[in-house]
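This report goes through the chains, their contacts and a few local features in turn. The sequence and structure come first.

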Amino acid sequence: MTLTGEKQHITIDRGQSETIVLTVADTNADLEITINGGAELNLILKQTTVNAKALTTNTTINCEANSRINISTINIEPRNIANTLIVNLNGEGAEATLNGLYVAGAGGAIENRTEIHHHAAHCTSTELYKGILDGNAVAKFAGLIQVAPGAQKTAARQTNRHLLLSPDAHGYAQPHLIINADDVKCSHGATSGQIDREQLFYMQQRGIDAATAQRLLVAAFANEVVALIPDEATRQELTALLSADV
Amino acid sequence: MLTIKNLHAAIDGKEILRGIDLEIKAGETHAIMGPNGSGKSTLSAVLAGNPLFTVTEGSATFNGKDLLAMSPEDRANEGLFLSFQYPVEIPGVSMTNFLRAAVNGKRKYRGEEPLSAGDFLKLMREKKKLVEIDSNLTNRAVNEGFSGGEKKKNEIFQMAMLEPTLRILDETDSGLDIDALRIVANGVTKLKNEQNATIVITHYQRLLDYIVPDFIHILYKGRIVMTGTKELALELEEKGYDWIKEKYQD
Amino acid sequence: MGKNDNELLNDIKSSEYKYGFTSDIDTDVIPRGLNEDVIRLISHKKNEPDFMLDFRLKAFRHWQTLTVPTWAYLNIPDIDFQSISYYAAPKAKKQLNSLDEVDPEIKATFDKLGIPLDEQKKLSNVAVDAVLDSTSVKTTFRATLAEKGIIFCSISEAIREHPDLIKQYLGSVVPHTDNFYAALNAAVFSDGSFVYIPKGVRCPMELSTYFRINSMNTGQFERTLIVADDDSYVSYLEGCTAPMRDENQLHAAIVEIVVHDNAEVKYSTVQNWYPGDKEGRGGIYNFVTKRALCKGVNSKISWTQVETGSAITWKYPSCILKGDNSVGEFYSVALTNNHQQADTGTKMIHLGRNTRSTIISKGISAGYSQNSYRGLVRVTRNADGARNYSQCDSLLLGDKCGAHTFPYSDINNPTAQVEHEATTSKISEDQIFYCNQRGISTEDAIGLIVNGYAKEVLNKLPMEFAIEAQRLLQISLEGSVG
């Protein structure tokens, strides 16, 4: 399947399991996805070549009871890309995994807006977005977890981490929780930092030059997300793109 | 091999080393002992080029080159290896990738071709056997989740891989049980030859039962206050450090 | 359980909002409504110099261009700003110079609140500025403090007696252009406290202001200014209560703090404005702008707040860390019950090098209440080595309330280490059962557990306040257990 820029509907039938890899290159994405009861979708939305014009991706996913969605949003060297991802957990026992990786350098601007709405009880969501920002890249992560009244036994965890490599890089994070049920376990964490000086020194002490050590540490930072992508070819492609030449 | 003259160093403006003189020749083993806070670990950090410390005075010459002018990686590639007291964990970087970068970094420095993947793995197998390290340690990320003993064994394994000429062991015995201590010490001894030298930094005498030093230096308040042979360590074990503190109070 | 704990629990069972009484004090209240003439009247009544009238009018004109902010997670009914009286003061028989001259009814009011204005019955080692409606009625221990060069008086008095300090600092941290309520406050503020700690002085006692609303249909707009000069230290406490009434009353305050080189200010609040009744009728609208400027190197500001009162709370005590190595801290417990709403948190703005900030926020929601943490951590381009740690926890008691977390971080420096963690959960049934099994009722168990949960923050309060705050938390939770 390829992106048309128009609204595209995807339905995963009851009990089915599918993996869809969509490449974002020069067309906007506008996806409306329904995952029926017990069905499973692995969706990968990846941009790995520099985009010529500003792009948006809008994805809304409706998850019925006991369905599973695993979505990976990958942006390597984005130029002005805004991703909006809305996940509605409508049926009990639905499970959502959202992973994001963005690697932006000079002139890069990337925005990830995610909303996970826990409408039903006993749903789980796990979200990990990591960004590596170099040059004067600007990244914004705005993640909302909303738990509706009655959505008891919700478990939601959201994590956002920014690695800043340059004094001009700029990272914003807005990890928001709106919780209206009490028997829940919800948490989020957000961090911003640079390459760990102690790790860098340790590697230099073993004779690895500073630039290589930094590349290895950056790749390690990204690998945490890459390892979670449920598609071997994508993992390999990203590992090759990110790997330090040693 | 290494000549240190009047070395002074500070951290956050506080002077820790206050004039160290030391001469180390190939084939020699030197032990540096002293009470806590005397500057032992600072000396090893400064020699390895840890950017947290600033050298304020003095010089260090390593194989005829100005050691203090070199980047940490160039010092390593010249043959200086520091076995850290607290090896840092590096999640996400596998031991294999890490060591390959290190070994090939050294080869590149010498103008040699990188090792092929096959040769590299073969080298790892040999060295693992040599230092009696569990093979699954190398399947993990660098030091991540390693026990204290595993971390120290891993340091010695890396020493075996990189074959340094100057080996600095910073409190390698701390936190080790007797079996781990033996494995670590045996590794160091096996790897010893006429071309390399060893500096053993330790608080206690027990490591010196396994790695027998030619010279013992006592560091106190940033200076070497006494130099002797291995008998000095026994004397320290018996009398403690208090008499040193009294004698060199100022 | 110790005897004190038992007594405490007994107190809880018997008490509602115990500060809900009204005092019959002869009060001068100006007609409702707000225009330039009202502002001139306020300034005139307070015998202010011309520069203050200009300050107020400028703010008022700016306020007229603004609209009510709506970004908070609050449901705020329309407020008719023309239906409020902006000045109410006990009728002074003459100038108050000593205790004997305080109106006995006012004295009785503060006695009843546990704030004796009589220095013989003094709160141990606490100097108090008592503010009733729009004016300061009494400041204790002034002479003792004056010996060290410390100025502690009402802000009205400071405007008259120390105009140079006021001109230099008033509005320097929270300008009237800052926000809607800050502009309103700058136009109509009536009283509040002023503190100046001179160079090198460690204030020998806790300074405290106690705010009391008494009159009907009035707003309270107090303004506090604290200046800590180089190498000084002060710990400042603020407490507040109001009568129980069915109408809502507006309280829009400003607190400004300036901290110079190597100085430290601790600012503690126990906010217990009338929260409204169980059905959500009445209560104070508490819209407050509090901000500290760590201007000097190595300066430090620490905010600690326990928020249990008010129908609606809109409040973000903030720190601008301008001096190199300056430190900002924010410790907060916000408890909402019944139909209360709170949107509270902090801003940490890192401008200087090696600046550090800590945010510890504990929200507790019960009944039908809505409780939000909102916070900003900003590290600017030049703030090398900045560190922030934030921990924001929410505890839910019951399934009709809400707990929300809205952190924002804006990081423009790679050497910054910024870490935010937030969790939302309820009291575990295992913990309650464990207490039950040891003979502790569920309600008492919740009180104990909530206090344990809030302990990290309560421990930051001065001793006298910590006990009061602990008691308040338990009282405020009464009836929240089904």
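pLDDT is the predictor's confidence in each residue, on a scale from 0 to 100. The score applies here since this is a predicted model. In chain B the mean pLDDT is 89, and 100% of the residues score at least 70. Within chain B, confidence is lowest in helix α9 (residues 242–247), where the mean is 81. The highest value in chain B belongs to strand β5 (residues 65–66), at 96.

**Contacts between chains**

Two pairs of chains are in contact, and of these chains A and C share the most contacts. Chain B and chain C are not joined by any contact; their closest C-alpha atoms are 13 Å apart.

Where chain B meets chain A, 30 residues of chain B are in contact with 17 residues of chain A. About 2000 Å² is buried between chain B and chain A, and carbon and sulfur atoms give 67% of that area. On the chain B side, E73(B), F84(B) and V88(B) lose the most area to chain A, together 26% of what that side buries.

One salt bridge is found across the interface of chain B and chain A. Its partners are the side chains of E155(B) and R206(A), with an N to O distance of 2.4 Å.

**Aromatic rings**

Over all chains, the count of aromatic pairs is 20. One of them is formed by Y202(A) and F98(B), whose ring centres are 5.9 Å apart. The planes of Y202(A) and F98(B) make an angle of 20°, and because planes under 30 degrees apart count as stacked, this pair is stacked. The pair crosses between chains: Y202(A) belongs to helix α1 (residues 197–205) of chain A, and F98(B) to helix α3 (residues 95–109) of chain B. Y202(A) and F98(B) are both buried.

A second pair is found in chain C, between F180(C) and Y181(C). Their ring centres lie 5.0 Å apart with the planes at 85°, so this pair is edge-to-face. F180(C) and Y181(C) are both buried. These two residues are also part of one aromatic cluster, along with F60(C), W63(C), W71(C), F81(C), Y285(C), F287(C), W314(C) and Y316(C).

| Charged residue | Ring | Distance from charged end to ring centre |
|---|---|---|
| R56(C) | F189(C) | 4.3 Å |
| K362(C) | Y453(C) | 5.1 Å |

**Positive phi angles in chain B**

Which residues other than glycine have a positive phi? N6(B) is one of them, with a phi of about 50°. N6(B) is found in strand β1 (residues 2–11) of chain B. Its relative accessibility is 32%, so N6(B) counts as partly exposed.

E163(B) is another residue other than glycine with a positive phi, near 45°. E163(B) lies in the loop between α5 (148–162) and β9 (166–170) of chain B. Is E163(B) buried or exposed? The relative accessible area of E163(B) is 53%, and residues over 50% are called exposed, so E163(B) is exposed.

Key: Residues are numbered from 1 along each chain as its sequence is written. Chains are lettered from A and ligands numbered from 1 in the order in which they are written. This is a predicted model: local features need pLDDT of at least 70, side-chain atom pairs count only at pLDDT 80 or more; totals for chains, interfaces and linings use all residues. Side-chain values use heavy atoms; hydrogens and water are left out. Rings of Phe, Tyr and Trp (its six-membered ring) pair if their centres lie within 6.5 Å; planes under 30 degrees apart count as stacked, over 60 as edge-to-face and the rest as tilted. Helices (H or I, at least four residues) and strands (E, at least two) are DSSP runs, numbered from the N terminus. Buried means under 20% relative accessible area, exposed over 50%, partly exposed in between (1.4 Å probe, protein chains only). A charge sits over a ring if NZ of Lys or CZ of Arg is within 6 Å of the ring centre and within 35 degrees of the ring normal. Contact means heavy atoms within 4.5 Å. Buried area is the accessible area (1.4 Å probe) that two parts lose on being put together, summed over both. A salt bridge is a side-chain nitrogen of Lys or Arg within 4 Å of a carboxyl oxygen of Asp or Glu.
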